[in-house]
Amino acid sequence: SERVEFAIRLPGEGDAAVYLPIDAKFPADVYANLMDAYDGGDPLMIQETGKLLERAVKKSAKDIHDKYVE
């Protein structure tokens, strides 16, 4: 019932295509924090912000799945 903003067409089995929905809600702020941690050179901060980015991406993927994937 919801529209996706973008989709990437991937090859599926046989002639069928698989569409990967792309949502514009990428956690850019969390990614920017990770880049700042790399610039600062603090290994602990890099690890912590890397985990935050991983969780944010996984949450976004779940949200997209729940909205668009049958």
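**Strand pairing and helix contact in the predicted model**

Ile8 stands opposite Leu20 in strand 2. In this predicted model, local features require a pLDDT of at least 70 and side-chain atom pairs a pLDDT of 80 or more, whereas totals for chains, interfaces and linings use all residues. Residues are numbered from 1 along each chain as its sequence is written, and side-chain values use heavy atoms, with hydrogens and water left out.

Strand 1 (residues 6-11) and strand 2 run antiparallel and are joined by six bridges (pairing requires at least two DSSP bridges; strands are DSSP runs of E of at least two residues, and helices runs of H or I of at least four, numbered from the N terminus). Five residues lie between the strands of this hairpin, where Gly14 adopts a positive phi near 65°.

The axes of helix 1 and helix 2 (residues 43-68) come within 9 Å and cross at roughly 160° (axes are lines fitted to C-alpha atoms over the stretch in contact, with angles from 0 to 180 degrees between N-to-C directions). Helix 1 is therefore roughly antiparallel to helix 2 (angles over 145 degrees).

Notes:
Parallel < 35°, antiparallel > 145°, perpendicular 65-115°, else oblique.
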